[in-house]
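User: I am new to this structure and would like a close look at a single part of it. Please keep the answer connected and plain.

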Amino acid sequence: KLVERMLNDYKKAKSKLILLDYDGTLAGFQDNPQNASPDAALIKLLDRLNEMPNTDMVIISGRDKETFEKWFGDKDYSLITDHGVWLRKRTKEWEALERLKNDWMENIRPILETFVDRTPGTFIEEKKYSLAWHYRKADPELAQIRTIELNTVLTSLISNNDLTVLKGNKVIEIKSSSVNKGRAASRLLSTKDYDFIFTIGDDWTDEYMFEEVPEGSYTVKVGFKKTKAKYYVKDTKEVRTLISKIADSQ
């Protein structure tokens, strides 16, 4: 059985890396992204994983550093935020993995604002290095029309600014092209010789991670979408079950 094989490989390995996406993987989606904070059961599970010997557990997310600081500031987890801009290794200071400009936001923000005005139930989430337009609470049909419109408008604008449009779960996010989770993951991989790598995520931003990790890694996609990952789990509940098995495999 696959899970047993993975747990055996995990036990035998001398140096292990576990890369965990946050939203849609460890925690479900909320209408307001700030409400997706970790529940007690999740913190307990992450604490156990984080204490596993010879294991580097890293939460790697598009969330901004400030939010993770608020949620996990008192924990000694390794964190990567803003799709790979910031890294905090266990209890150390934050370090910038990328040097980024954010002056492009002044041009893009007014465009997103017009879409908010024209689409009830949508809002802009402004992070330090990206802008996100959330439409989870909007009328689905209208939202579908607007996302096509917005994509068209953005496509012409981003090519000059070296920006990328990420289509997430009921969100469109604009960020610098030079940053992605894959680059951040390869940065981690170059620091140590890992003989067990497990990475899990639900979004196409996680595909960069799946591409970067070496051939024999365990790559897991949450939800049944097209992916470069080798394995699937259904939802966040199954994610937690799977990673608890790793935590139990002491």
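In what order do the eight strands of the open sheet run?

Analyst: The model is a predicted one. In it, the open sheet of eight strands has the order β5-β4-β3-β2-β1-β10-β11-β12, and its pairing is mixed. The edges are formed by β5 (94-96) and β12 (231-233); each has a single partner strand, so one side of each is left without a neighbour in the sheet. On average, neighbouring strands of this sheet are turned by 20° against each other, direction ignored.

Helix α1 (residues 2-12) touches β1 (16-20), β2 (55-60), β10 (196-201), β11 (218-222) and β12, and its direction makes about 130° with that of β10. Helix α8 (residues 236-248) packs on the sheet as well, touching β1, β10, β11 and β12; the angle between its direction and that of β10 is about 165°.

The segment after α8 contains Ser 249. This serine counts as buried because its relative accessibility is 8%, under the 20% cut-off. A polar atom of the Ser 249 side chain lies 2.7 Å from the backbone oxygen of Ile 246. Leaving aside residues up to four places away in sequence, Ser 249 touches Leu 7, Tyr 10, Lys 11 and Met 52.

Terms used. Residues are numbered from 1 along each chain as its sequence is written. This is a predicted model: local features need pLDDT of at least 70, side-chain atom pairs count only at pLDDT 80 or more; totals for chains, interfaces and linings use all residues. Side-chain values use heavy atoms; hydrogens and water are left out. Two strands pair if DSSP finds at least two bridges between them. Helices (H or I, at least four residues) and strands (E, at least two) are DSSP runs, numbered from the N terminus. Axes are lines fitted to C-alpha atoms, for helices over the stretch in contact, and angles run from 0 to 180 degrees between N-to-C directions. Contact means heavy atoms within 4.5 Å. Buried means under 20% relative accessible area, exposed over 50%, partly exposed in between (1.4 Å probe, protein chains only). A polar contact is a pair of N or O atoms within 3.5 Å; within protein, one must be able to donate a hydrogen and the other to accept it, and residues adjacent in sequence count only if both atoms are side-chain atoms.
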